[in-house]
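I opened this notebook page to record what I looked up in one structure. The entries follow the order in which I went through the model.

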Amino acid sequence: MERKEALAELLPFVRILILDDEPNVAKPVQFRLQQAGYPFVTFTSNIDTAWNELKNTNILLIDHYLSYSGKNGIEFTREAKKEYGADLDVIIYSGSVDKLAQNALEAGATACLEKPLIFEYLQLWIQETAKRI
């Protein structure tokens with residue numbers, strides 16, 4: 001019970017941004033996180049909006065295949081970590097993580113998860129990340 005209460009105390013401080021160009025993937029994740037008690041979960045498919053939101057975000061969920069200006073989720077992660085450093089944890093997800101995982105971690109991601117996302121597994125990663133906030 002103590003662990004659950006400790007996590008509940010952290011929830012108001014957790015700010016999650018989901019960056020994905022496929023709303024049919026991101027919206028259900030956003031909904032489930034909000035239902036799980038995370039009050040500040042934002043979704044966008046717009047890169048400019050994402051950059052503006054990062055200053056108010058401590059956990060970024062990003063699709064590796066997202067493409068902007070010829071860059072993918074790894075490059076976005078690298079740039080975001082360069083700008084925000086330890087204040088931002090990044091969880092990258094992709095349809096195939098075998099070859100991606102090492103690059104994602106080297107770019108500064110906290111985790112690399114495979115799609116389709118298993119919500120319970122994603123939530124465990126977010127809970128562990130939230131403890132560092």
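This is a predicted model: local features need pLDDT of at least 70, side-chain atom pairs count only at pLDDT 80 or more; totals for chains, interfaces and linings use all residues.

Entry 1: I began with strand S1, which spans residues 15-19. I asked how many of its residues are buried. I found that 4 of the 5 residues are buried, so S1 is largely enclosed by the rest of the structure. I then looked up the strands that pair with S1. Strand S2 (residues 40-44) runs parallel to S1 and is joined to it by 5 bridges. Strand S3 (residues 59-63) also runs parallel to S1, with 4 bridges between the two. I took Ile16 as a point of reference in both pairings. Ile16 stands opposite Val41 in S2, and it stands opposite Ile59 in S3.

**Entry 2: strands S4 and S5.** I turned to strand S4, residues 89-94, which runs parallel to S5 and is joined to it by 4 bridges. For Tyr93, I recorded Leu113 in S5 as the bridge partner. I also checked which helix belongs to the unit formed with these strands. Helix H5 (residues 100-106) makes a right-handed β-α-β unit with S4 and S5.

Entry 3: I followed the chain beyond S5 (111-114) to Ile118, which I located in the loop between S5 and helix H6 (119-130).

**Entry 4: the aromatic pair.** I searched for aromatic pairs and found 1 in the structure. The ring centres of Trp51 and Phe76 are 4.8 Å apart and the planes lie at 40°, so I recorded the pair as tilted. The pair links distant parts of the chain, as Trp51 belongs to helix H3 (residues 47-54) and Phe76 to helix H4 (residues 73-84), 25 residues apart. I then looked up the accessibility of each partner. Trp51 has a relative accessible area of 24% and is therefore partly exposed.

Methods. Residues are numbered from 1 along each chain as its sequence is written. Side-chain values use heavy atoms; hydrogens and water are left out. Buried means under 20% relative accessible area, exposed over 50%, partly exposed in between (1.4 Å probe, protein chains only). Two strands pair if DSSP finds at least two bridges between them. A crossover is right-handed if, with the strands pointing away from the viewer, the path from the first strand over the helix to the second runs clockwise. Rings of Phe, Tyr and Trp (its six-membered ring) pair if their centres lie within 6.5 Å; planes under 30 degrees apart count as stacked, over 60 as edge-to-face and the rest as tilted.
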